[in-house]
Amino acid sequence: MSRKRASDSVDEPNSKKNPKIISAVSSPATKVTQAVIDKLLISFVCEGSQPFSIVELPSFRKIVETLQPQCTVMTRKTLCLKVQDTFENMKSALIQKLNHADYVATTADCWSARQRSYLGVTCHWIDSTSLERCSAALACRRMTGSHTFDVIAAALEEIHEEYKIRGKITRTTTDSGSNFLKAFRIYGEDKEDDAQDAQEEGDYILEDESDESESEVEYQDLFAAEAGSDTYKRLSRSAFAKCSALSNKTSRSTLAFETVERECKLQFLRPNQTRWNSLFLAVERLNTAELGFLAEYATVMKPVAMALNLLQGESSVHMGFLLPTLYQLQDKLKKLESSCKVCQPLLKALHGGILKRFGEVMKEPELIAAAILLPKFRTAWTTNQSILTTGLDYIKGQLENSVENDALCYSSPSDEEDFFASMNTGQSKTGELERYLSCSSAGGMDLLHSFPKVKNLSLKVNTAIPAFAACERLFSHAGLLLTAKRSRLHCKYLESQLLLKFNSKIL
């Protein structure tokens with residue numbers, strides 16, 4: 001029988017850990033100033049989405065005052081004022097950062113909660129030195145009244161002017177709401193001159209004007225694939241009905257939830273538009289035919305889910321990712337046609353939806369050029385030579401325009417030299433493009449440093465991002481703040497606390 005070690009005794013008075021805990025509480029080893037405590041409290045409240053009233057809780061005050069007896073905890077009113085001051089400092093720092101960016105892109109969307117509506121705006125730019133993407137939230141501003149196109153346009157204009165980025169914006173990514181579409185169609189930069197001319201001629205545009213371009217984008221209903229095959233219709237409705245029944249049962253019954261968790265070692269997820277794999281978790285005990293259908297359905301939808309997840313990225317995704325992703329998605333879906341037995345109607349619906357939604361976009365010269373100007377893709381993302389030629393012609397035209405603009409900034413000794421100056425310079429820019437395309441180096445963004453003119457154009461067309469998921473993430477943070485217990489939170493404090501949390505790296 002082994003003897004018990006003396007150190008294992010629960011009555012040991014000289015434990016190694018106890019003296020450290022006691023000394024840390026009774027006499028803090030590190031003393032901090034009141035300013036540091038205030039800064040830490042503000043950071044804790046904003047980044048943790050805490051209510052302002054937390055600083056007045058006796059237990060919270062006791063924690064701070066016990067650890068730092070020489071410091072005091074600010075009141076709720078003082079906290080509100082300091083949050084506003086910190087917000088203004090963050091805003092000034094962000095304006096300084098944006099001042100050094102040549103090109104800026106934004107995303108915009110509307111959000112409603114607790115009978116209030118807000119306009120969210122985020123901005124994105126690429127650091128010209130590190131070529132890393134930077135992002136920040138600009139606003140989550142309260143909107144009252146009807147969200148008409150002119151109200152949205154005025155709010156966006158105010159935010160752009162506030163951060164001094166109006167002349168730097170390359171693109172704004174948003175949803176396909178008719179009010180947003182009309183706001184950019186009427187007040188967009190390319191239409192400013194046309195709108196001004198129309199007003200001078202007395203051709204005023206009425207708000208209730210009927211216009212085909214104002215209507216919302218038509219989406220391809222994937223459930224319309226059921227009309228193409230009776231077998232697909234029967235299996236899809238039966239399988240999805242059972243999935244829905246199982247997920248509803250486990251969400252409403254604690255006993256059912258515990259049974260599934262105990263027997264299947266998993267939890268059923270409610271099927272939704274972005275988590276198709278959750279269907280498998282709900283059909284483990286379905287019959288073979290339906291399980292086979294769901295497996296084939298998930299196989300077809302997997303590349304779609306991967307494409308959406310890729311395009312909704314923020315830190316490493318540029319506008320040039322859009323077309324290569326769409327082309328690769330089409331290729332992957334086409335390869336599935338030979339192996340699919342039941343989901344052929346779904347494949348047909350997906351192909352039709354891609355062409356209907358992005359058919360014209362896939363021919364846009366600037367977007368083609370954006371893909372070519374990313375070293376990751378260059379000309380390897382498609383074999384369609386006409387598409388590549390369209391993009392290369394656009395790039396050459398932009399490079400030639402930059403040559404002419406550069407020539408205007410310098411004076412030549414003679415008219416003859418000035419007149420023919422762009423000839424050799426234009427050839428050098430074309431040669432730079434050819435060297436970029438034929439470079440055998442790895443396709444990292446750092447490759448652009450070797451081609452300054454190509455790099456500048458790449459930053460211009462790739463600053464924007466292909467999805468407005470950044471706004472959705474902003475609203476997700478806002479949902480954590482505007483809870484039922486904080487429904488009376490003033491919109492000014494909501495925006496300040498939200499942007500301080502979202503832009504915590506700016507300060």
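The legends below walk through several close-up views of a predicted model.

**Before you start: how the views were prepared.** In this predicted model, local features need pLDDT of at least 70 and side-chain atom pairs count only at pLDDT 80 or more, while totals for chains, interfaces and linings use all residues. Residues are numbered from 1 along each chain as its sequence is written, and side-chain values use heavy atoms, with hydrogens and water left out.

**View 1. The whole chain, to get your bearings.** The chain holds 20 helices and 4 strands; helices (H or I, at least four residues) and strands (E, at least two) are DSSP runs, numbered from the N terminus. Of its 507 residues, 40% count as buried. Here buried means under 20% relative accessible area, exposed means over 50%, and partly exposed is in between, with a 1.4 Å probe and protein chains only. The accessible surface comes to about 29500 Å², and 52% of it belongs to carbon and sulfur atoms; these areas come from the Shrake-Rupley method with a 1.4 Å probe, and for residues only the protein chains shown count as cover. Among contacts with a separation of 6 or more, 69% are between residues 24 or more positions apart, where contact means heavy atoms within 4.5 Å.

View 2. The predictor's confidence in each residue is the pLDDT, which runs from 0 to 100. Its average over the chain is 79, and 75% of the residues score at least 70. Confidence is lowest in helix H7 (residues 192-200), with a mean of 43, and highest in helix H14 (residues 365-372), at 96. Over residues 4-13 the pLDDT is below 50, and this stretch has 1 contact in the model beyond near neighbours in sequence. Residues 274-287 also have a pLDDT below 50, but that stretch has 34 contacts beyond near neighbours in sequence. Where pLDDT is low, the predicted coordinates should not be read in detail.

**View 3. Arg171 and its surroundings.** Look for Arg171 in strand E4 (residues 169-173). Arg171 is partly exposed, at a relative accessible area of 22%. Its side chain makes a polar contact with the side chain of Glu364, at 2.7 Å. A polar contact is a pair of N or O atoms within 3.5 Å; within protein, one must be able to donate a hydrogen and the other to accept it, and residues adjacent in sequence count only if both atoms are side-chain atoms. Leaving aside neighbours within four places in sequence, Arg171 also has contacts that include Val104, Met319, Glu366 and Ala464. The C-alpha atoms of Arg171 and Pro466 are separated by 9.8 Å, although these residues are 295 apart along the chain.

View 4. Helix H12 covers residues 322-335; its 14 residues should span 20 Å at 1.5 Å a residue, and its end C-alpha atoms are 20 Å apart, which agrees. The expected span is 1.5 Å times one less than the number of residues. Buried residues of H12 include Leu322, Pro324, Tyr327 and Leu333. His318 sits in the loop between helix H11 (288-311) and H12, and it is buried, with a relative accessible area of 6%. Beyond four places in sequence, the contacts of His318 include Ile126, Arg133, Asn462 and Pro466.

**View 5. Two loop residues with positive phi.** Most residues other than glycine have a negative phi. Arg114 has a phi near 55 degrees and is found in the loop between strand E1 (104-113) and strand E2 (116-126). Leu131 has a phi of about 60 degrees and lies in the loop between E2 and strand E3 (133-143). Arg114 is partly exposed, at 41% relative accessibility, whereas Leu131 is buried, at 5%.

**View 6. Aromatic rings in pairs.** Rings of Phe, Tyr and Trp (its six-membered ring) pair if their centres lie within 6.5 Å; planes under 30 degrees apart count as stacked, over 60 as edge-to-face and the rest as tilted. The count comes to 9 aromatic pairs. Phe44 and Phe60 are stacked, 5.8 Å centre to centre with 15 degrees between the planes. Phe44 lies in helix H2 (residues 34-47) and Phe60 in helix H3 (residues 58-67), so the pair ties together parts that are 16 residues apart in sequence. Phe44 is partly exposed at 35%, while Phe60 is buried at 13% relative accessibility. The rings of Tyr327 and Trp381 have centres 5.3 Å apart and planes at 70 degrees, so this pair is edge-to-face. Both Tyr327 and Trp381 are buried.
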